[in-house]
Amino acid sequence: MTRHYTIGVAGHVDHGKTALTKTITGINTDRMQEEKQKGLSMVAGIAPLSLPSGAQAALVDLPGHSDYLKNTVSGLAGIDMTLLVVAADEGVMPQTREHLNILQFYGIKHGVVVLSKADLVDEEILELADLEIKDLIKASGFPDWPVLPFSARTKTGLQAVITCVDEEIRHLKTRTRQAPFRLWIDQARIIAGFGTVVSGTVLSGAVSQNDTVQVLPDGRKARARFLETHGEGVPAVEAGQRAGMNLPRIPLDVVKKGAVLVTPDTLRPAVFLNADLRLLKNAPLAIRNRMRVRLYVGTGVFNALLVIMDSDTLSPGQAGLVQFRPATPIACMPDDRFVISFLNKNEIIGGGRILEVSREKFRQAKAAKIIPVLEAIQKGDLPGYLAAVSANAPYRLISAGDTANRTPFPETAVAEAINRGVNQQKWVRISKEEGGLRKDHYDTLMHHVKDVCESVLTVDKLKQKFQINEIADTLAAKVSRTLLQHILTNLCRQNKLWLSDGYYQLSTRTDRLSSDHRQTISALMTFADDSGTKPFSAGYFCKCHRGKYPKKTVEKLLWQLESRNQLIQLDKDRYITPRALEDIKYRIKDYVEQQGYFSIHDCQEAFGYGRTQAVPVLEYLDNTGFTKREENVRTLQDNEINYQSVERRDK
């Protein structure tokens with residue numbers, strides 16, 4: 001399988017980055033007329049490179065002038081390693097140091113230093129330049145980077161550079177194809193006959209021609225109608241490759257720098273980013289709490305409010321936990337790297353790593369809860385993270401997928417941790433998708449839910465049953481519907497609740513009806529028996545008794561009698577006795593046997609009443625599987641079974 005990598009060519013302006021790139025690849029990456037006139041790179045240029053090992057690389061020739069800092073940073077966003085170019089005749093310069101700082105913040109560990117213009121100096125100057133850059137890269141945390149002399153004019157050192165790059169690439173981790181597709185857009189343009197075309201480095205996953213992708217933060221979806229890499233059409237692109245993509249019917253302003261292409265519905269733009277920030281030792285000023293800064297993430301530059309979590313200021317050289325609140329949503333992920341500058345200066349002053357894509361504003365009152373969570377992420381301490389999150393929100397389900405989306409912890413690692421907890425009976429799994437929670441928290445919540453169930457029935461002595469919505473509305477804690485359903489089901493397994501037709505009842509519920517209620521129930525049952533096959537409602541009962549019984553009380557008592565199976569509720573307000581319903585079934589069966597069907601016109605003769613009162617009866621029998629409606633008549637749905645269930649009742 002071909003391996004694909006992206007290599008950034010960094011360094012101070014006019015130190016020979018473009019010349020090095022052209023010498024290695026044969027391509028001049030300064031293509032704009034203005035770049036050629038000024039003799040310097042203004043935007044990142046791309047050139048393909050096939051290495052002797054068979055690996056394929058894309059060289060990203062970065063602008064070296066401070067005026068084009070945002071283009072430099074966006075070009076460094078997706079690289080795997082770097083070629084740091086330092087002119088032997090000038091040595092280390094400001095942008096040499098700045099680019100090294102950015103590489104530090106971006107976690108780029110592999111690189112090669114090229115001492116360019118080696119033909120312009122003698123051996124002594126070359127040796128001094130070599131010592132100077134070695135001291136700098138050692139102090140920057142890159143002591144193993146090789147330093148190679150090179151001349152674009154004489155091509156001295158060319159083969160050594162290519163061989164060294166090929167050797168360094170062997171130590172790089174290959175980006176994963178299995179993850180969802182993600183690409184930061186670094187170029188976008190309109191091409192006649194095609195429409196919008198974007199390009200960037202594929203950070204993860206893969207996409208094939210005609211696959212659907214989503215543009216974030218806008219959210220629009222589009223079909224990848226045409227794919228290319230380095231100007232050649234291809235059927236698919238994968239992690240590590242430079243890719244161009246035609247997105248029909250997508251406006252140009254939607255795909256500007258800082259936008260991201262992803263597999264649809266796999267990433268949600270964020271407005272709160274909890275991060276680990278470190279200021280450079282030579283930063284010109286301290287940063288104050290709630291200062292606005294320029295935030296560079298991926299290929300985008302965003303104005304953001306910076307909230308310091310554990311102090312009022314960060315001085316040069318200091319590090320701390322912060323929350324960025326960008327003016328517009330950013331479609332970034334946990335573990336993405338960033339750098340910052342002041343709003344009015346093109347100078348990097350610090351950088352770090354996104355720890356968590358948060359859903360809420362940081363407030364000092366919550367610092368004691370939030371900071372331990374972020375410190376666990378800093379340390380890569382997954383058990384500590386799960387413990388901190390569980391302590392902060394005891395009843396919030398923790399799932400592998402959601403945790404992986406919000407933090408740098410891999411989904412597989414989180415799933416394994418939850419599985420271990422379940423196997424050790426320290427966790428309860430609620431569902432594969434929604435995860436679980438600690439068993440002690442689950443047990444506490446289950447006792448609380450049982451108490452809530454009892455309180456719901458205590459408020460109204462006539463109430464005998466309840467639905468899940470009534471419990472969900474009553475719970476003070478934030479409990480998901482899935483978790484509540486799991487607990488109610490568990491209470492039913494323990495015979496503490498009963499479930500019937502979507503209603504729950506307490507198995508320990510005692511009848512505490514007053515003598516007046518008992519008398520009303522007696523009158524209701526007598527009335528129901530006397531009504532025979534004729535359904536009745538609470539209103540009709542009250543009317544027949546000339547207002548002797550309050551209607552609301554009668555409605556509640558009818559509901560209670562239905563829950564005890566002493567009455568059957570046909571629709572929302574009509575009732576009949578089980579004995580009368582069996583008699584109706586027998587009469588319908590008799591008609592079907594004689595004429596092959598039962599129609600609405602037979603009701604008057606069969607039951608003694610017409611359509612209005614018959615419709616609820618017949619619809620109930622349809623819904624419970626006794627009869628089957630075919631146009632305007634009914635037949636028995638399952639003759640053998642239903643006939644056996646019908647017994648003749650003596651009147």
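Q: Why is Ile46 called buried?
A: This is a predicted model, and in it Ile46 has a relative accessible area of 17%. Ile46 belongs to strand S2, residues 45-50.

Q: What makes Gly26 exposed or buried?
A: Exposed means over 50% relative accessible area. Gly26 has 57%, so it counts as exposed. Gly26 sits in the loop between helix H1 (17-25) and helix H2 (33-38). The C-alpha atoms of Gly26 and Glu123 are separated by 28 Å, and the two residues are 97 apart along the chain.

Q: How do you know whether Glu124 is exposed or buried?
A: Glu124 has a relative accessible area of 58%. The cut-off for exposed is over 50%, so Glu124 is exposed. Glu124 is part of helix H5, residues 123-139.

Q: What makes the surface patch that includes Glu124 negative?
A: The patch is formed by Asp122, Glu123, Glu124 and Glu127. Asp and Glu count as negative, so the patch made of these four residues is a negative one.

Q: Which residues make a patch of positive charge, and why is it called positive?
A: Arg290, Arg292, Lys361 and Arg363 gather in this patch on the surface. Lys and Arg count as positive, so the patch carries that label.

Q: Why is Arg290 called partly exposed?
A: Partly exposed lies between the limits of under 20% for buried and over 50% for exposed. Arg290 has a relative accessible area of 48%, so it is partly exposed. Arg290 is in the loop between strand S18 (287-288) and strand S19 (291-297).

Q: What makes the contact of Arg182 and Asp336 a salt bridge?
A: The rule asks for a side-chain nitrogen of Lys or Arg within 4 Å of a carboxyl oxygen of Asp or Glu. For Arg182 and Asp336 the N to O distance is 3.0 Å, so the pair qualifies. The pair links distant parts of the chain, 154 residues apart: Arg182 is in strand S7 (residues 182-191), and Asp336 is in the loop between strand S22 (319-326) and strand S23 (337-342). Both Arg182 and Asp336 are buried. By this rule the count comes to 20 salt bridges.

Q: Why are Lys439 and Asp443 said to form a salt bridge?
A: Their side chains meet at 3.0 Å, N to O, and the limit is within 4 Å, so the pair counts. Lys439 and Asp443 both lie in helix H11 (residues 439-459), 4 residues apart, about one turn of the helix. Residues three or four places apart in an α-helix point the same way because there are 3.6 residues a turn.

Q: What makes Asp583 and Arg587 buried?
A: Asp583 is at 8% relative accessibility, so it counts as buried. Arg587 is at 15% and therefore counts as buried.
A: H17 (residues 578-595) has 18 residues and reaches 26 Å from its first C-alpha to its last. At 1.5 Å a residue, 26 Å is expected. H17 is followed by Gly596, whose phi is positive, near 90°.

Q: Why is Arg249 called exposed?
A: Arg249 has a relative accessible area of 76%, so it is above the limit of over 50%. Arg249 is in the loop between strand S15 (242-246) and strand S16 (260-262). Its phi is positive, about 65°, although Arg249 is not a glycine.

Key: Residues are numbered from 1 along each chain as its sequence is written. This is a predicted model: local features need pLDDT of at least 70, side-chain atom pairs count only at pLDDT 80 or more; totals for chains, interfaces and linings use all residues. Side-chain values use heavy atoms; hydrogens and water are left out. Patches are made of residues with over 30% relative accessible area and no salt bridge: like charges are joined within 9 Å, nonpolar side chains (Val, Leu, Ile, Met, Phe, Trp, Tyr) within 5 Å. Accessible areas come from the Shrake-Rupley method with a 1.4 Å probe; for residues, only the protein chains shown count as cover. The place of a charge is taken as NZ of Lys, CZ of Arg, CG of Asp or CD of Glu. Helices (H or I, at least four residues) and strands (E, at least two) are DSSP runs, numbered from the N terminus. Buried means under 20% relative accessible area, exposed over 50%, partly exposed in between (1.4 Å probe, protein chains only). The expected span of a helix is 1.5 Å times one less than its number of residues.
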